[in-house]
Amino acid sequence: MSVRVPSPPAMPRLEDDHLLSREAIKHAFLSNLFCVQGKTPALATRHDYYMALAYTVRDRMMRRWISTAEAYTSRGSRTVCYLSAEFLIGPQLGNNLASLGMLERVRESLAELGFDLDDLLECEAEPGLGNGGLGRLAACFLDSMATLEIPSLGYGIRYEFGIFDQEIADGWQVERTDKWLRFGNPWEIARPEWAVEVKLGGRTEHYHDHEGRLRVRWVAHRTVNGVPYDTPILGYRVNTANTLRLWRAQAPESFDFAIFNRGDYYGAVNQKVVSENLSKVLYPNDEVIQGKELRLEQQYFFVCCSLQDMLRILRVQQIPLTRLHEKFAVQLNDTHPAIAVAELMRLLVDEHAMEWDAAWSVTRRTFGYTNHTLLPEALEHWPIPVFAKVLPRHLEIVYEINARFLDEVRIRFFGDEARIARLSLIDEHGPRYVRMAHLACVGSHAVNGVAALHTRLLEESVLSDFHALWPGKFSNKTNGVTPRRFLALANPRLARLISDAIGDAWLRDLERLRDLETFADDSGFQRQWQRIKRANKEGLAAYARDCAGVVIDPESLFDVQVKRIHEYKRQHLNILHVIALYHRLKCDPDADVQPRTVLFGGKAAPGYHLAKLIIKLIHAVGEVVNRDPAVRDRLKVVFLPNFNVKNGQRVYPAADLSEQISTAGKEASGTGNMKFCMNGALTIGTQDGANIEICREVGPENFFMFGLTAAEVGSVRSGGYRPAALYENNAELRQVLDLIRDGFFSRGDPGQFRAIVDGLLDRDTFMLLADFQSYVDCQTQVGRVYGDAGRWTRMSILNVARSGLFSSDRTIREYAAEIWRVPSVPIELA
């Protein structure tokens, strides 16, 4: 019997006035409160109202989302698949309202109902799906790909518990569980019909198929299901809505009745507990072997799910496997997803019986690899026993890739056994490891760094042998950030001033900010600029009072360093300068020191003791400085807890000075430097990462540069660096370190910060003492310039005007044209 399936009713156009009118928005808002949240106004909480508004906005996104998916499917559009272990996407409500052009209309609609939009925006839990710059960069890229109408899918993990919430107890970081999903997530839609199976552990069996070919069967120890959850990613003022697809681990059987009926109640649900650990938490502690196994399982889990999903899409669009690389451009965001190279080979060779050479050709033309680090310890490598236990078939594939690759190397570099050992995918020096960055380089058609200096150092040091082998593979793609979130949404006052002056085309073409240069010397424009900065600083001062209990003066210079706490980022160099300022003011109350508030923020990895000790030192110094009446009006120290995207949107617009002071040659790029720059903060920084390009763009006269270059760092180190000699010969440095070592900031306990002081005097791995005097002198110059309000404001305006290069739109255009070869696909709403 044939059944006629009726056509779905025509969806209302998003542009229809009745959907976007204030009356329609109010009606939908109250309807969602009642029908979705199941609440009346008498019972509703503020969070219920937030959820009702989120669903109201999501309803108005759906036509774009569905039209985009239909267009990509019907056209078979070439698509970017961005594989990343982190997506720090930030709160979605405000960003989606801005992308839809509904922000002010919704604000007015809610006001008519007695609600403040800003209050509801504060209710949104931040998805803690990332640790820092890597995850935020991935989110900026998704924003730009949608805005530029580039077909894309972001693939990652739907962590139940994200990066921890940071609390401060007696100056120490305390990690609390980030329960971002406890009230649900209105932006995602589960797609259980697209769930896939993931194998783990076990053994392999070699056999001959019916044609006599040698084949391999993976007999897994256990299997896990991956269930996709989709979130729409809107382009700004376009019809495109791409997808972020995050995978949740689920046991094939959540409950074993047979075990339960035998009385083993824990065992009945044990498989569910073990399986779902895979997507339970972002970055488990891998100091113990179980943590290493779980982290490798996490990485494989989302890569396996994502590649199977791509194969499903090929089937739906009736595209043969041999053209996978024509349909998809898959970008590996650092080494976390590098196992994708071996997994795609497994799928093609083992599951789909493709010949090795054909499969390898498809694989290498599919992947691109972005390296994000110059730190050797951050280039992931897995102990062979761990790799063999978790992924036995993949170890065999890695060995085979390596054998064929090294045969090629031996021919190219005949007799150079040292080079062969360096290039091998297996580290044979001592305990054996799989080198994931090497696997990514061998299995990708393109390798890129993320700032000009970073890429050059990759080519000259970390990946120099690969560059010598394949120089054409390597390119630079300097990072960028989305101006929609980090200027328009975070700093609406400044965004309005800019748009009033030069129009709003800069929101989609940030180079248009160059037109602001003509206003840099306009006294009236400068006064407006200063009023906006003052208002932003007042807002941050109120936040600092509420969250840190410190009262700060908005008239003072806001000197800000907010980023992950790490020795190479040198927050402790910053605090050494604070102590130097404090010592000057104590010794000479009439010293010419500009009033300054030094603000810190950032999280330390739970197992990184020295980073946590740096946080304690910041608080200890702040406790002394902030209560000393002799300096109270001239120097303050504040640590803003739980720094994240939402809090960053408070900080970037209020900063006067941006601290980008990593050891030269250690920071791949940095993106916080770009966010501060486009909000009008001036930068004090080393010649590291993207600082060099920011300085070039804004002009060295509008940038405070100090310290050793990367080459000088290497030269000083190789020349027999003795940090203790600097301590002995620099009176101010000696006074600063002695105050710490003698217990002045630790209530007389000389041992509390000994690890920091001894590390600086004995090794100083990140060259703080070598850069100390240059940094202090540069900070003195900062104070003098800040005292000239007109000069400072002019420099601030020019920093914004010349920040156009650092839009993620520019970065994505370069990836799309030079690596992915993906054209834009404008979407028409049916």
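Predicted model: local features only at pLDDT ≥ 70, side-chain atom pairs only at ≥ 80, totals over all residues.

Colleague: Why is Asp758 called partly exposed?

Modeller: Its relative accessible area is 29%. Buried needs under 20% and exposed needs over 50%, so a value in between is partly exposed. Asp758 is therefore partly exposed.

Colleague: Where does Asp758 sit?

Modeller: In helix H32, residues 754–762. Its C-alpha atom is 8.8 Å from that of Arg741, which is 17 residues away along the chain.

Colleague: What makes E13 and E15 a pair?

Modeller: Two strands pair if there are at least two bridges between them. E13 and E15 (residues 433–435) have three bridges, in the antiparallel sense. So they meet the cut-off of at least two. Pro383 has Tyr433 in E15 as its bridge partner.

Colleague: Why are E13 and E14 called edge strands?

Modeller: The open sheet runs E13-E15-E14, with antiparallel pairing. E13 (381–383) and E14 (426–427) each pair on one side only.

Colleague: Which residues touch the most other members of the largest nonpolar core?

Modeller: Phe387, Phe704 and Trp820, in a core of 185 residues. Helix H11 (residues 289–316) gives the largest share, 13 residues. A second, separate core has 54 residues, among them Cys140, Phe486, Leu599 and Val645.

Colleague: What does Phe704 touch, leaving out residues up to four places away in sequence?

Modeller: Contact means heavy atoms within 4.5 Å. On that basis, the partners of Phe704 include Leu657, Leu682, Ile684, Val782, Val785, Trp792 and Met795. Gly685 and Gln781 are also among them.

Notes:
Residues numbered from 1 in each chain as written. Heavy atoms only, no water. Helix = DSSP H or I, 4+ residues; strand = E, 2+ residues; numbered from the N terminus. Buried < 20%, exposed > 50% of the residue type's maximum accessible area, 1.4 Å probe, protein only. Core = buried A, V, L, I, M, F, W, Y, C linked by side-chain atoms within 4.5 Å.
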